[in-house]
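Welcome, and thanks for joining this tour. Please load the structure in your viewer and keep the selection tool at hand. We will go from one stop to the next together.

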Amino acid sequence: MKNFFRDIHLYLSLAAGLVIAVLCFTGAALVFEKELQQTIYPERYLVKPATQRASLEEMVAVLKEKVPGAKVSGVKVYADPSRTVEINYLDPKDQEGKEGKAGKEKADAKTVGSEGKKVGEKAEGKGDGKKDKGGKKEGGKEKTTTAFMNPYSGELISLYSHRNSFFYTMFATHRWLLADDIGKMITGVSTLIFLFILLTGIILWWPKNKKILKQRLRFKWDGGWKRMNHDLHIVLGFYTAIFLFAFAFTGLAWSFKWFNDAIYVVTNSENKKPEPPKSTLAENTQTVSFDQILATIKTREPEAQFYSLNAPKEADGAFSVSALPQDPAHEKAANQYFFDQYSGNLLEQNLYADKNLGQRVRATFYPVHVGSIGGLPGRIIAFLACIAGVTFPISGIILWINRLRKKDSKKAKKKARVANAVR
């Protein structure tokens, strides 16, 4: 029976091993992205606290002076007094390129008729469901740049485009192998295969007796290189299997709609996001400022780790604000509020505690996937498990080659014995 599972384990590994190694490598590179960014560019994230803070509107004015035509889409303010304020904005250069491309697609649509309509529809929906670490959709929303501002002097410290960074390349490779929908399908199928590889690996690992159990639970450091390769695959594989299974299992939610829908089916919950409320249109009335919204949300969430304020996009849209409590269940357990852009009144609140079971379970998938659900120890485990995952296809192939050579050697010896017996 084990030969059957060994064949499944082998052929599935040969089919998806390379992709799995790439996913594990890029996953390891992304685990400590925030810490690495803050270590490499401390001036971008940290400032010396002072007594008087500049207003958000003053910082927005400074940004618009430095980047003429910038359209501010959101502001993120941290409770930590040493953190900079992050202002997300649409770069006018990117908008010009987008408008030119949109105009070309519109002209193409007129030229080719119904086929042009399909092209337009595909362009509009491209990248659905792909999100970066900052929560921005790939293709579904405009490309934004982040301005890091000194919250005390109001000065512009740095401009940063995540999409032009090394970490975005790692993320795009991890999510869709830099190949859009085809790459997304390949990563999804490979991840699904990885689950079966892990399951068959545990079946093959399962020992017959206590003596073998001890051998498969510890490394034999004084063995030869073949023994070391064996232990790297078998022993290390056992200790990391449960973590890699959790990372792969949760990763399927971003690859397959049916898997994401199944979460709500299993939890008997409704998979439906409420429509955001609308502001009451008011003629000749100015919209409220970011400062007013921030002051209001602080009265409701005075102890939040950060406040993420998103400006309305339409005339009847509302300010959307996310606030992460000081002691959340995990990093995705934020509360969301909507405010009228003209009066500043609270229109609606969506507290994490009020979400249904399916929504809460789905919200845990990201922190489980990146290991942050276990804090720093969890992320260290995620990093080490992913590094180990990179080595398994290599050590597995070496094991396979060694077994083939061993079989060939046995066959050769058997033939030699037969030949000698005949003589």
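A word to start with: here, contact means heavy atoms within 4.5 Å. Please also keep in mind that this is a predicted model.

**The whole chain**

Begin with everything selected. The protein chain holds 14 helices and eight strands. Of its 423 residues, 40% count as buried. Look at the contacts with a separation of 6 or more: 64% of them join residues 24 or more positions apart. The chain exposes about 24800 Å², and carbon and sulfur atoms supply 59% of that area.

**The sheet**

Next, show the strands. Eight of them form an open sheet in the order β4-β3-β2-β1-β5-β6-β7-β8, with antiparallel pairing. Select 156-160 for β4 and 346-350 for β8: these are the edge strands, and each pairs on one side only. Going from one strand to the next, the twist averages 20°.

Now zoom in on residues 85-90, strand β2, and residues 144-149, strand β3, which pair in the antiparallel sense over six bridges. Click on I87 and look across to β3 for its bridge partner, A147. In general, strands of a sheet pair through backbone hydrogen bonds, either parallel or antiparallel.

**Two helices across the sheet**

Which strands does helix α4 lie across? Select residues 56-66 to see: helix α4 lies across β1 (71-78), β2, β3 and β4, and it runs at about 45° to β2.

Then select residues 290-300, helix α12. This helix lies across β1, β5 (306-310), β6 (318-324), β7 (335-340) and β8, running at about 140° to β5.

**A stop at F148**

Return to strand β3 and pick F148. Is F148 buried or exposed? With a relative accessible area of 2%, F148 is buried, because buried means under 20%. Leaving out residues up to four places away in sequence, F148 touches R44, Y45, T84, V85, E86, E155, L156, I157, S158 and Y160.

Finally, select helix α14, residues 375-422, and find L384 within it. L384 is exposed, since its relative accessible area is 52% and exposed means over 50%.

Terms used
Residues numbered from 1 in each chain as written. Predicted model: local features only at pLDDT ≥ 70, side-chain atom pairs only at ≥ 80, totals over all residues. Heavy atoms only, no water. Pairing = 2+ DSSP bridges. Helix = DSSP H or I, 4+ residues; strand = E, 2+ residues; numbered from the N terminus. Axes fitted to C-alpha atoms, helices over the stretch in contact; angles between N-to-C directions. Buried < 20%, exposed > 50% of the residue type's maximum accessible area, 1.4 Å probe, protein only. Areas by Shrake-Rupley, 256 points an atom, 1.4 Å probe, with all protein chains shown as cover.
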